[in-house]
Amino acid sequence: MARDGINKPELDKWARNLVKETNKSLERAQRRNPPRVSAQLNSTASAIPVGEVTESSGNLARLLLWLDEQARQNPSHYIDVTRFVEEQQLHDEDASVLAFELEQRDLVTIARTFGGTLDVHLTDAGRAAIHRLKKLRLDRAARLRYTMDAFHRWLFDTSDQKPINPAPFLDTPAAYFAGSEITGTELNEALAHLSQHKLVKHIDTEPATVAITPQGVSCALAGGSVQDHVNQPRPGTTYNNYMPNAKGVIIGEQQHFTQNNTDGVDSTLFAQLAGYIGQVSTTLGMSETDRVELERVAQDLHAEATSENPEPGRLRQFATHLKDKLLEAGTTIAATMGVQMADQALAALMQ
């Protein structure tokens with residue numbers, strides 16, 4: 001018997017049981033919640049980032065598929081990556097960078113020799129990635145989503161909001177999905193969807209051209225995909241508006257209102273146009289007289305658009321007046337976006 005009436009054997013037994021039960025609890029917790037650090041390290045070393053290979057650089061996916069063809073002809077040989085760059089005439093690509101990027105993803109191994117060539121050999125992970133790429137490029141929905149995103153970003157980066165021919169997109173590295181070419185038919189289908197969601201606008205010229213819309217610019221600046229923009233919840237006829245004062249300064253508190261009308265007129269675009277004019281009027285380089293007139297018409301349009309029953313004729317009159325004033329203001333980006341917004345609002349009356 002220990003001091004103070006404590007039985008030492010019983011105490012040791014209790015301690016051993018406590019340690020045993022604690023270890024069991026830890027094991028159960030680890031099975032339920034595996035350590036995140038080690039899992040992340042393992043995935044970094046072995047997982048195949050197929051989406052990154054297919055979308056961040058179309059040439060990486062093309063290179064993988066090219067290596068697959070070469071490996072079938074010479075299974076045990078290392079392959080010189082510079083041949084791929086030369087054959088595909090990729091003058092802006094650095095063969096060494098392509099090889100290193102694939103090596104970092106554990107998709108190839110590089111022969112470290114003194115010959116100066118970039119000889120690589122596919123790893124097992126590389127062969128698995130090629131298998132996934134071949135399956136992925138048959139996914140029609142994925143191809144269309146990618147084509148919409150890639151073209152939309154290319155248009156935003158290239159056009160400066162001016163109408164351009166969409167055909168040159170097919171000559172860019174981005175015009176490849178999972179290593180296969182985007183076709184003209186797929187591009188036309190993507191353009192139809194982008195136009196339907198008012199992210200681009202068709203211009204009836206010869207050859208046909210397209211221009212990015214203000215909504216398309218907003219989508220690009222948001223940083224998400226086209227599908228993210230299309231699927232985001234949108235308010236019905238509840239608007240958050242700020243009224244510009246006579247000097248183009250936004251005044252007043254945020255106002256929420258519900259518009260109930262039976263005329264079938266959705267005046268959302270007209271209210272947005274009026275608010276936009278109030279924000280940019282001082283940047284248009286107009287004379288003081290013209291600027292004051294522009295803002296007066298914008299206020300009249302805002303009042304009509306937010307009324308209980310907006311009258312289509314008055315909406316058309318005010319929006320057309322604003323468009324004419326913006327055309328007179330010149331070809332600045334702010335004026336051009338205002339004209340496009342006016343065109344969209346006026347087109348909505350015809351639907």
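Visitor: Why does aspartate 300 count as partly exposed?

Guide: This is a predicted model. Aspartate 300 has 28% relative accessibility. Buried means under 20% and exposed over 50%, with partly exposed in between. So aspartate 300 counts as partly exposed.

Visitor: What makes aspartate 300 and arginine 296 a salt bridge?

Guide: Their closest N and O atoms are 2.9 Å apart. The cut-off is within 4 Å. The two residues are four apart in helix H13, so about one helical turn separates them. Arginine 296 is partly exposed too, at 40%.

Visitor: Which residue does lysine 325 pair with in a salt bridge?

Guide: Aspartate 290, with the closest N and O atoms 3.7 Å apart. Lysine 325 lies in helix H14 and aspartate 290 in helix H13, so the pair ties together parts 35 residues apart in sequence.

Visitor: Is lysine 325 buried or exposed?

Guide: Its relative accessibility is 14%. Buried means under 20%, so lysine 325 counts as buried.

Visitor: Why are H8 and H10 called roughly perpendicular?

Guide: Their axes cross at roughly 105 degrees. Angles of 65 to 115 count as roughly perpendicular, so the term applies to H8 and H10. The axes come within 10 Å.

Visitor: Which residues of H8 meet H10?

Guide: His152, Arg153 and Phe156. Their partners in H10 are Gly216, Val217, Cys219, Ala220 and Leu221. By class, the contact has five nonpolar, two polar and one charged residues.

Note on methods: Residues numbered from 1 in each chain as written. Predicted model: local features only at pLDDT ≥ 70, side-chain atom pairs only at ≥ 80, totals over all residues. Heavy atoms only, no water. Axes fitted to C-alpha atoms, helices over the stretch in contact; angles between N-to-C directions. Parallel < 35°, antiparallel > 145°, perpendicular 65-115°, else oblique. Contact = heavy atoms within 4.5 Å. Nonpolar A, V, L, I, M, F, W, Y, C, P; charged D, E, K, R; others polar. Salt bridge = Lys/Arg side-chain N within 4 Å of Asp/Glu carboxyl O. Buried < 20%, exposed > 50% of the residue type's maximum accessible area, 1.4 Å probe, protein only.
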